[in-house]
Amino acid sequence: MAVAVVLILTAVLLFLIIRILNLADASRVPRIISSKNPFTSRVLRSCPMLFEKYRPPILWGKNGHFQTIIAALCGRKSCPILTGTLYFTQLTDGTVVSYEVFEPAKNAVFVKNQEKLTIVIVPGIANCSETQYVRTFADYAMNQGFRVAVLNHLGAKKKEGLSTPRLFTYGGTEELDAVVTHLTSKLNHKRLVGVGFSMGANILMKYLGEIPSRQEYFECGISVCQGYDILRAKTFLDQWNGLRRLYNWGMTQNMKKIIDRHVRVLFEGPNFTSHRHKASIHHVRSSSSLAELDDVYTKKMAGFHHLDDFYAQSNESAIFVITRHGGHLGFFEGGLLAVNPITWLDKALIQYTTAVMQANRSEDHSPLDKQIGNFVIAS
């Protein structure tokens, strides 16, 4: 009897492990949704990775939560230390925005055979040039011959203070606009590719879409793991299904750390001076979700009275390229347990960028194709 119980419990445990880790789930080719025109056809022909199976680490890589959590807590394997040039530019209200430029490696694969192109990275929430996935992708791009510029979200760099009581927001494009203007006018970088990660993808797509003339210097825009409808997402993020509530709590803690780091500057703003509108630091610190934090602080910092109005101005939409497996900014590859230093995502982004450059050299596509050729990755 005891042996039978042990066998049953063992079988149940094995079933749960197989089910939780999705071990029985086969690797698949990404699903591609694109417009049917000569330009996109040329680009896709030059992106063989999108027609091959994405193979994550066997034992844990098919579980999206593992991929997401490892990407968030551990970052990347053998993450490089980068040395770049730090630049500063200023917004109309006096806010100082910083970004870093990293030159291509001298022994880069393509650097001798291509016009110099700058990849503008817009990181995810509370991230900057110090973040591991940003550094890994930037290093890989540099070794492929690309110059890289990374926007540092206001308040995200640990040793960089704030010049005004203002943090980044989910859809605010002013900082990115200032960086692009500085890049093109002061540093003479005239050929750009935008790569946005998570919240940064929302900012990038909104930036390119709200004023079409901004697309002039961009070969394409690339959106990775973007949120698409924040008004609907605020409800979904409060649900436990898919561990959304846990991720919501984690992102909120990161935001509160940034606010705490700059608390003396942030609570001097005009929207926090009167008794009626003053955001309580206690309420900020006790917030357990992004919606709570945005309601007691972020909307007021941005000058809004109602949370839905603040979210509405942050919204944007786009199209998809969807993988079967992966996580939020994960997409690790590897063997049984170990992961490769370069992720599937890093390689796919560079391959797409190179394909767009090749397609844009041809003469039979419209300027509109060149300006807003978008690549959107989700899992």
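**Notebook: helix α6 first**

In α6, I listed Met199, Gly200, Ala201, Asn202, Ile203, Leu204, Met205, Lys206, Tyr207 and Leu208 as buried, where buried means under 20% relative accessible area, exposed over 50% and partly exposed in between, with a 1.4 Å probe and protein chains only. That makes 10 of the 12 residues of α6 buried, and the helix mostly covered. I noted that α6 runs over residues 199–210 and reaches 16 Å from its first C-alpha to its last, close to the 16 Å expected at 1.5 Å a residue. The expected span is 1.5 Å times one less than the number of residues in the helix.

I recorded the basis of the entries: this is a predicted model, local features need pLDDT of at least 70, side-chain atom pairs count only at pLDDT 80 or more, and totals for chains, interfaces and linings use all residues. Residues are numbered from 1 along each chain as its sequence is written, and side-chain values use heavy atoms, with hydrogens and water left out.

**Chain totals**

I found 14 helices and 9 strands in the protein chain; helices (H or I, at least four residues) and strands (E, at least two) are DSSP runs, numbered from the N terminus. Of the 379 residues in the chain, 50% are buried. Of the contacts (heavy atoms within 4.5 Å) with a separation of 6 or more, 76% are between residues 24 or more positions apart.

I then looked up helix α13, which has 18 residues and reaches 26 Å from its first C-alpha to its last, close to the 26 Å expected. Because 14 of its 18 residues are buried, α13 is largely enclosed by the rest of the structure.

Helix α4 (residues 132–143) packs with α13 (residues 344–361) at an angle of about 45°, their axes 10 Å apart. The two helices are therefore oblique to each other; angles under 35 degrees count as roughly parallel, over 145 as roughly antiparallel, 65 to 115 as roughly perpendicular and the rest as oblique. I listed Thr136, Phe137, Tyr140 and Ala141 in α4 as meeting Asp346, Lys347, Leu349 and Ile350 in α13.

**Val195**

Is Val195 buried or exposed? Val195 is buried, with a relative accessible area of 0%, and lies in strand β6 (residues 192–197). Leaving out residues up to four places away in sequence, I found that Val195 touches Ile119, Val120, Ile121, Val122, Phe137, Leu204, Ile222 and Leu349. The C-alpha atoms of Val195 and Ser223 are separated by 6.1 Å, with the two residues 28 apart along the chain.

Technical notes:
Axes are lines fitted to C-alpha atoms, for helices over the stretch in contact, and angles run from 0 to 180 degrees between N-to-C directions.
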